[in-house]
Amino acid sequence: MRRINWKKTIIVVLDVILGVYLLFAFADFHLSDETNRICTKVQINIQDEMTNGFLDAKEIKKRLVDHQLYPLGKPMQIVNTRQIEDMLKKSAFVKTAQCYKTVEGELYINITQRMPLIRIKSDNGDDYYLDDNNAVMPNTKYVSNLIIVTGHISKWFAERYLSILGKTIMSDDLWKNQIEQINVLPGKGIELVPRVGDHIVYIGNLPESNNPAERQEMVAAYVQKNLKRLKEFYMYGLSQAGWNKYSYINLEFDNQIICKKRKDKGESESI
């Protein structure tokens, strides 16, 4: 018969009892400490706050105050970080929200926001934004320096085609500063309105595809090709002929650029 080492067993039992006691003591201390601790600081961090986003720390604080969730001066015990996160995520402009407390009595809120890419102002009265994930964002009181897209626009066409057009333009430093407006004609032909030069640029219809990946590749390549041709025409054509010589520049055809002269009764010429 195997003998039990009672001395060793007693030591193990005492260690377990001590561990359980310390666990409860720490939990009680932590609870008591949080009960007495007051929130002394609220730090709101917003990714891309200084770019084209619509959110800033002042707006987030206002929302917290309006929902009676702003924690400054309140006991940390009653500050519900999950409730704050859920409230902020209900905003159409918030992508993610994370909130946590520190033992020093501080609350940190980290937010990533949906970034508007272009603004849609359709002939049918629709007025909204498209974000960088091709999704619709509602109109807002905030002013943002974005390309405005006008004309015959459905949300289906905006999400699938205009979003790619907008991304392609915005990815190039030259064109995101040069193009201020896009206009969609009844037949879905695309016109670009530049900031410099009193003319309109027509690039034709965007290539269509039911496959999202193929559509992304086809539309981006088509737009890049035409913007490259336009850049070359700016450099070697308008720089010599003058920026106001033509009122309409047509890039629809690969082998030629058709320009309509200004004040010449609609006379056109091919280049």
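This is a predicted model: local features need pLDDT of at least 70, side-chain atom pairs count only at pLDDT 80 or more; totals for chains, interfaces and linings use all residues.
Strands β1 and β3 (residues 106–113) run parallel and are joined by six bridges.

The sheet itself is open and consists of three strands in the order β1-β3-β2, with mixed pairing. Its edge strands are β1 (41–46) and β2 (94–101), each of which pairs on one side only. On average, and with direction ignored, neighbouring strands of this sheet are turned by 15° against each other. In general, the strands of a sheet pair through backbone hydrogen bonds, in either a parallel or an antiparallel manner. A further helix, α3 (residues 81–89), lies across β2 and β3 and runs at about 165° to β2.

Another part of the chain concerns His199, which is placed in the loop between β9 (189–194) and β10 (200–205). With a relative accessible area of 5%, His199 counts as buried, because this value falls under the cut-off of 20%. When residues up to four places away in sequence are not counted, His199 touches Pro194, Tyr234, Leu238, Trp243, Tyr246, Ser247, Tyr248, Ile249 and Arg262. With one of these residues, Tyr234, the side chain of His199 also forms a polar contact of 2.9 Å, which joins it to the side chain of that tyrosine.

Terms used
Residues are numbered from 1 along each chain as its sequence is written. Side-chain values use heavy atoms; hydrogens and water are left out. Helices (H or I, at least four residues) and strands (E, at least two) are DSSP runs, numbered from the N terminus. Buried means under 20% relative accessible area, exposed over 50%, partly exposed in between (1.4 Å probe, protein chains only). A polar contact is a pair of N or O atoms within 3.5 Å; within protein, one must be able to donate a hydrogen and the other to accept it, and residues adjacent in sequence count only if both atoms are side-chain atoms. Contact means heavy atoms within 4.5 Å. Two strands pair if DSSP finds at least two bridges between them. Axes are lines fitted to C-alpha atoms, for helices over the stretch in contact, and angles run from 0 to 180 degrees between N-to-C directions.
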